[in-house]
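Student: I would like to learn how to read the features of a protein model. Could we go through them one at a time?

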Amino acid sequence: ASLFLSPMDPLRQPPSPCSPRPSSPRTPSCEMLGYVGIEAVLDQLKIKAMKMGFEFNIMVVGQSGLGKSTMVNTLFKSKMWKSTLPGLGVPTPKTLQLQSVTHVIEEKGVKLKLTVTDTPGFGDQINNDKCWDPILGYINEQYERYLQEEILITRQRHIPDTRVHCCVYFVPPTGHCSLRPLDIEFLQRLCQTVNVVPVIARADSLTIEEREAFRRRIQHNLRTHCIEVYPQKCFDEDVNDRILNSKIRERIPFAVVGADREHLVNGRCVLGRKTKWGIIEVENMAHCEFPLLRDLLIRTHLQDLKDITHNIHYENYRVFRLNKSHVLPRGPGWVNLAPGPAPSPASPQATPRTMKVCRWTQDNSDDEC
């Protein structure tokens, strides 16, 4: 038999479009003909997102005088906080006080509801034992508020989100040493509750060599004490995320300088700080790493910060609270999660929990279940 087929051989004729063809792993069994318009879903999501707007809650933690308020104003180019210079008659808080302010920022039709929480008084006292408790309590309180709205049978279509999505931790620019015991003790607790981005505050007080050496010592402290700051390696979803986040992790903590005043440099207006040696431009990578922090918080990872807050940190809190649902305050629309029977020793998997819906009456007694 010949190995070649003649042109008139019926086996050489192309198959009919309607005839069935054997499928292979590389060839789909059915071809898509014509334009469907699936990509229009992106336009729908964009229109809906622009109508609803976005919410972002950020917390700044650090000692007084590190430029936290100025940094927030520089990030969003607005007067979120009024900076107060030290030594102008403003008394130092005797205890840690938390202050929140909310602004709606609009840019090119996109609205961002921004809430910034400041922590004046942190680390300013002689005895700073457990000074982090009010901060952790505030973060958990926002989780609790969201949980109380979520477990209602009849709940709002859009639950107000006051959960802290990111905490920017300001490290004093000592330069000659690494993280303080206070920083290590607090960061170990804080990273388990919220996304933490450490920065070296007032980096213009350090030389380039001092800044790099200080950064390496801080990175060594974070690895030694198993402190996982954002972005965490275990949350990298694909190769592109891993490559981008690896570059970010090499530069953390960012050496930043904040300024909310404009100066004229070579015929252009720039944000910066004026010294007798010149002007430090906050958006110039040769002067500081403020652009890296801005891109991380706003331009590249804002949605990822919200997703990790909801899917990881809040989920851990929700599971912990619902496992102890008997201590939750009861009210209208309460859902009581009753534990199921104990699993049999022979069964490899535990019996799933059952849900019991109870109606709560005014005399604080179960009317009907």
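This is a predicted model: local features need pLDDT of at least 70, side-chain atom pairs count only at pLDDT 80 or more; totals for chains, interfaces and linings use all residues.

Student: With which residue does Glu212 form a salt bridge, and how far apart are the closest N and O atoms?

Tutor: The general idea comes before the case. Side chains of opposite charge can pair when their charged atoms come close. Here the partner of Glu212 is Arg251, and the closest N and O atoms of the two are 3.4 Å apart. Arg251 is partly exposed, at 29% relative accessibility.

Student: Which residues are linked with Glu212 and Arg251 in a network of salt bridges?

Tutor: Arg215 and Glu289 are linked with them in that network.

Student: How many salt bridges does the structure hold?

Tutor: The number is 16. Let us take another of them. Glu283 pairs with Arg294, with 3.2 Å between the closest N and O atoms. Glu283 is in the loop between β9 (278-281) and α7 (290-300), while Arg294 is in helix α7, eleven residues apart from it in the chain.

Student: Which residue of this pair is buried, and which is partly exposed?

Tutor: Arg294 is buried, with 13% relative accessibility. Glu283 is partly exposed, with a value of 37%.

Student: Where do Asp295 and Arg299 lie relative to each other?

Tutor: An α-helix has 3.6 residues a turn, so residues three or four places apart point the same way. Asp295 and Arg299 are four residues apart in helix α7, which means that about one helical turn separates them. Asp295 and Arg299 form a salt bridge, and their closest N and O atoms are 3.7 Å apart. Asp295 is partly exposed at 25% relative accessibility, whereas Arg299 is exposed at 57%.

Student: Now for a whole helix. How many residues has helix α1, and how far does it reach?

Tutor: Helix α1 (residues 40-52) has 13 residues and reaches 19 Å from its first C-alpha to its last. That is close to the 18 Å expected at 1.5 Å a residue.

Student: How many of the residues of α1 are buried?

Tutor: The number is zero, so α1 lies largely in the open. Gly53 follows α1 and has a positive phi, near 80 degrees.

Student: Is His165 buried or exposed?

Tutor: His165 is buried, with a relative accessibility of 1%. It is found in the loop between α3 (133-150) and β4 (166-171). Leaving aside neighbours within four places in sequence, the residues in contact with His165 include Glu55, Phe56, Asn57 and Leu305.

Student: How many aromatic pairs does a search of the whole structure find?

Tutor: It finds seven. One of them is Trp132 with Phe186, which is stacked, at 6.3 Å centre to centre and 15 degrees between the planes. Trp132 lies in the loop between β3 (110-118) and α3, and Phe186 lies in helix α4 (residues 181-190), so the pair ties together parts that are 54 residues apart in sequence. Trp132 is buried, with a relative accessible area of 7%, and Phe186 is buried at 0%.

Student: Are the rings of Tyr143 and Tyr317 stacked or tilted?

Tutor: A pair of aromatic rings is described by the distance of the centres and the angle of the planes. For Tyr143 and Tyr317 the centres are 5.7 Å apart and the planes are at 45 degrees, so the pair is tilted. Tyr143 lies in helix α3 and Tyr317 in helix α8 (residues 302-323), so the pair ties together parts that are 174 residues apart in sequence. Tyr143 is buried at 1% relative accessible area, and Tyr317 is buried at 13%.

Student: Which residues form one aromatic cluster with Trp132 and Phe186?

Tutor: Phe122 and Tyr169 form that cluster with them.

Student: Over the face of which residue does Arg163 lie?

Tutor: Arg163 lies over the face of Tyr314, 4.9 Å from the ring centre. In another case, the charged end of Lys276 sits over the ring of Trp277, at 6.0 Å from its centre.

Technical notes
Residues are numbered from 1 along each chain as its sequence is written. Side-chain values use heavy atoms; hydrogens and water are left out. A salt bridge is a side-chain nitrogen of Lys or Arg within 4 Å of a carboxyl oxygen of Asp or Glu. Buried means under 20% relative accessible area, exposed over 50%, partly exposed in between (1.4 Å probe, protein chains only). Helices (H or I, at least four residues) and strands (E, at least two) are DSSP runs, numbered from the N terminus. Contact means heavy atoms within 4.5 Å. The expected span of a helix is 1.5 Å times one less than its number of residues. Rings of Phe, Tyr and Trp (its six-membered ring) pair if their centres lie within 6.5 Å; planes under 30 degrees apart count as stacked, over 60 as edge-to-face and the rest as tilted. A charge sits over a ring if NZ of Lys or CZ of Arg is within 6 Å of the ring centre and within 35 degrees of the ring normal.
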